[in-house]
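Biologist: I am new to this one. Can you take me through it step by step?
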Amino acid sequence: MPLFDSAAVILMLLVPLLSMGLFSLEFLDGSFSLLLSSPLSMSQIVAGKYLALLTTMVVILLLVALMPLSLLLGGPLDLGTLSAGLLGLALILAAYSAVGLFLSSLTRQPAIAAIGSYGVLLLLWIISLAGSGKGSELFAQISISSHFHRLLSGLVVSTDLFYFALLILACLLLTIRRLDSLRSQG
């Protein structure tokens with residue numbers, strides 16, 4: 001499980017770099033007007049870009065999963081804990097990708113999108129460290145790391161799954177809304 005924890009932190013640095021140009025480069029070079037003229041809806045365009053980024057994340061996830069799975073050759077593993085850890089890593093990669101896609105839709109500069117994505121992801125990661133007392137429970141519920149670490153410990157709770165689903169869905173809907181507003185502006 002420390003491998004998955006380290007992978008999540010390293011991928012927090014990598015995913016903004018992979019997602020920074022999804023929309024911002026199209027704004028920059030003017031090809032976004034071609035997307036606006038296509039017969040596809042903004043939902044389909046966002047879903048296509050998100051699924052393309054998720055495909056890359058699945059390849060990375062499989063490469064990370066090979067190391068603990070190679071330990072099966074030497075002895076038994078707790079496959080339940082391993083499955084929960086892989087589920088947690090998959091969910092956190094999907095959330096990272098959704099945040100990166102949304103922030104790429106907000107700016108014309110890919111570097112700003114990458115820095116903004118990294119800032120938001122870092123804030124979501126460390127916000128649980130900010131509070132003590134009354135607000136600490138609220139900060140723990142907002143923090144992406146507290147939900148991820150519970151999955152790493154082998155505990156699959158529906159509130160953690162709901163948190164990741166809500167974060168991903170909110171970022172994708174905000175991206176669609178942003179691009180629809182750009183389409184309506186012309």
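Biologist: Which helix does Leu14 lie in?

Modeller: Leu14 belongs to helix H1, residues 2-19. Keep in mind that this is a predicted model.

Biologist: Why is Leu14 called partly exposed?

Modeller: Its relative accessibility is 32%. Buried means under 20% and exposed means over 50%. Leu14 falls in between, so it counts as partly exposed.

Biologist: What makes Leu129 exposed?

Modeller: Leu129 has a relative accessible area of 71%. The cut-off for exposed is over 50%, so Leu129 passes. Leu129 is found in the loop between H6 and helix H7 (136-142). It is also one of the residues of a nonpolar surface patch of about 450 Å², along with Leu13, Tyr118, Leu122 and Ile126.

Biologist: Which helix gives the largest share of the nonpolar patch?

Modeller: Helix H6 (residues 110-126), with 3 residues.

Biologist: What do the buried residues of H4 pack against?

Modeller: They pack against H1, helix H2 (24-29), helix H3 (32-37), helix H5 (79-104) and helix H9 (158-185). Among these buried residues are Met42, Lys49, Leu53 and Pro68.

Biologist: What makes Glu26 and Lys49 a salt bridge?

Modeller: Their side chains meet at 2.7 Å, N to O. The limit is within 4 Å, so the pair qualifies. The pair links distant parts of the chain: Glu26 is in helix H2 and Lys49 in helix H4, 23 residues apart. Both residues are buried.

Biologist: How many salt bridges does the structure hold?

Modeller: It holds 2. Asp160 also forms one with Arg150, with the closest N and O atoms 3.1 Å apart. Here Asp160 sits in helix H9 and Arg150 in helix H8, 10 residues apart.

Biologist: Are Asp160 and Arg150 buried or partly exposed?

Modeller: Asp160 has 0% relative accessibility. Buried means under 20%, so Asp160 counts as buried. Arg150 has 27%. That lies between the 20% and 50% limits, so Arg150 is partly exposed.

Biologist: Which residues have the most contacts inside the largest nonpolar core?

Modeller: Phe23, Leu89, Ile92, Tyr96, Ile144 and Phe164, in a core of 49 residues. H5 gives the most to this core, with 13 residues.

Notes
Residues are numbered from 1 along each chain as its sequence is written. This is a predicted model: local features need pLDDT of at least 70, side-chain atom pairs count only at pLDDT 80 or more; totals for chains, interfaces and linings use all residues. Side-chain values use heavy atoms; hydrogens and water are left out. Patches are made of residues with over 30% relative accessible area and no salt bridge: like charges are joined within 9 Å, nonpolar side chains (Val, Leu, Ile, Met, Phe, Trp, Tyr) within 5 Å. Accessible areas come from the Shrake-Rupley method with a 1.4 Å probe; for residues, only the protein chains shown count as cover. Helices (H or I, at least four residues) and strands (E, at least two) are DSSP runs, numbered from the N terminus. Buried means under 20% relative accessible area, exposed over 50%, partly exposed in between (1.4 Å probe, protein chains only). Contact means heavy atoms within 4.5 Å. A nonpolar core is a set of buried Ala, Val, Leu, Ile, Met, Phe, Trp, Tyr and Cys residues joined through side-chain atoms within 4.5 Å.
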